[in-house]
Amino acid sequence: MNQILCIAIALFVGLLSSRLMKLLRLPNVTGYLISGIIFGPYVLGQFIGGWNVDPSSTTNINAIGWISEIALGFIAFTIGCSFKASSLKAVGKRVVIITIFEALAGALVTIAALFIVYIFMKDSLPLPIILTLGAIACATAPAATLMVIKQYKARGPVVDTLIPVVAFDDAVALIAFSVLFSISKSIASATELSFVGVIIVPLIEIISSLVLGAALGFIVSFACKFFKSRANRMILIIAAILSVIGLSMLANTLGWKLFGEDFSFSSLLACMMIGAIFINFRLDAQRTIERIDQFTPPLYMLFFVISGANLNITIFASEDALLVVIIAIVYIIARSVGKYFGAFTSAKITKSEPTVQKYLGFTLLPQAGVAIGLATNASQTFAKLGYEKVSSLILAVILTATLVYELFGPLVTKIALSKAGEIQKESA
């Protein structure tokens, strides 16, 4: 079966799963992930011939990894579009402080908890996983949270704080991931850590990625003077996003070096910057962004289905099964504790309403798109470096955690908003 037919089947399966999830009242992303697992190379794919587990095969799931790269680029662009200057002024520094506190607290508590596990399981738990999972812990899934708010027409100070926080949260996650993952790669690939490899090169990668994204953002904004239709402007943005992703993949393929260390652009940061520049320098940007939003749903669906298919479930029947379960449980608990106390502390410092202090942390638990994207990115990178165990563990832990968060996160959010008095009692 060729790759194009596999993509078509993935779309059909994802579409059918969304109907089933509606009946079960679960988020669509849960259905996409489960569909990918079932129809992936490790379950039905072994029998229907859709995928081949052999890495050298052209029908291997990694052969269409470029779809995930492109989907991530559009996710990052959408996050960047939330950085409108007028919106930032409107929410004020209170929301910025809360966002930074809760995101970084989630990361720090997760890293600390996993490091304790590492002390007792040094031979089993690879060190690079700790920083990578810590960075991914920053991210929150805005879709699941906003779905609950819309469904129950929730209103109040918790919701007013929550909406901008989840919008900016993933931007903090992208920056934290760029720094911590660069350090993780250095730990994994270098025999000896150096200041240049751990600090200087990652810093240059971040700055160069932001500069590249800003330059393309200005070019797209200026070019819109000559291309008036929404269709042509959409093509401009797609071309800019694909250019960034292509350059990043080229750098990895050619093995670019800086000061003797591996060097590449962060396509996530660059795409985020394209969105931030475009939304601030084009007064009519929203019309084009709406057209982009109509273009991306099948891309996102494929992204989640492929992410599910990437999960090597045979790891749960291997000698590493117990390790995956332990790391996943520690990750879920530590991230939840970090998010809650980070939100509580920062809300108290900024003198937010008592309900915000008490309940905001509970609404920040869901995790999906960006977290899976970062995990997929990390997994593919470690696989290329030859660290198959690290690659499999990261994806297994994050997808397991995502399924738990997507099943219970929206319910916890609903209960928290009800306790805060921001959801009216449902009629009989």
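This is a predicted model: local features need pLDDT of at least 70, side-chain atom pairs count only at pLDDT 80 or more; totals for chains, interfaces and linings use all residues.
Residues are numbered from 1 along each chain as its sequence is written, and side-chain values use heavy atoms, with hydrogens and water left out.

**Exercise 1**

Work out where Thr 363 sits and what it touches.

- Start with the place: Thr 363 is in the loop between H15 and H16 (helices are DSSP runs of H or I, at least four residues, numbered from the N terminus).
- Next, check the cover. Thr 363 has a relative accessible area of 0%, so it is buried (under 20%; exposed is over 50%, partly exposed in between, with a 1.4 Å probe and protein chains only).
- Now list the contacts (heavy atoms within 4.5 Å). Leaving out residues up to four places away in sequence, Thr 363 touches Thr 145, Leu 162, Thr 413, Ala 416 and Leu 417.

**Exercise 2**

Classify the aromatic pair of Tyr 340 and Phe 362, and say which parts it ties together.

- Recall the rule: rings of Phe, Tyr and Trp (its six-membered ring) pair if their centres lie within 6.5 Å; planes under 30 degrees apart are stacked, over 60 edge-to-face, and the rest tilted.
- The structure holds seven such pairs. In this one, the centres are 4.7 Å apart with 45° between the planes, which makes it tilted.
- Tyr 340 lies in helix H14 (residues 321-349) and Phe 362 in the loop between H15 (354-359) and H16 (369-384), so the pair ties together parts 22 residues apart in sequence.
- Phe 362 counts as partly exposed because its relative accessibility is 34%.

**Exercise 3**

Check the span of helix H13 (residues 297-310), then its cover.

- The expected span is 1.5 Å times one less than the number of residues.
- For the 14 residues of H13 that gives 20 Å, and the end C-alpha atoms are 20 Å apart, so the two agree.
- As for cover, 11 of the 14 residues of H13 are buried, including Phe 303, Phe 304 and Gly 308.

Terms used: Helices (H or I, at least four residues) and strands (E, at least two) are DSSP runs, numbered from the N terminus.
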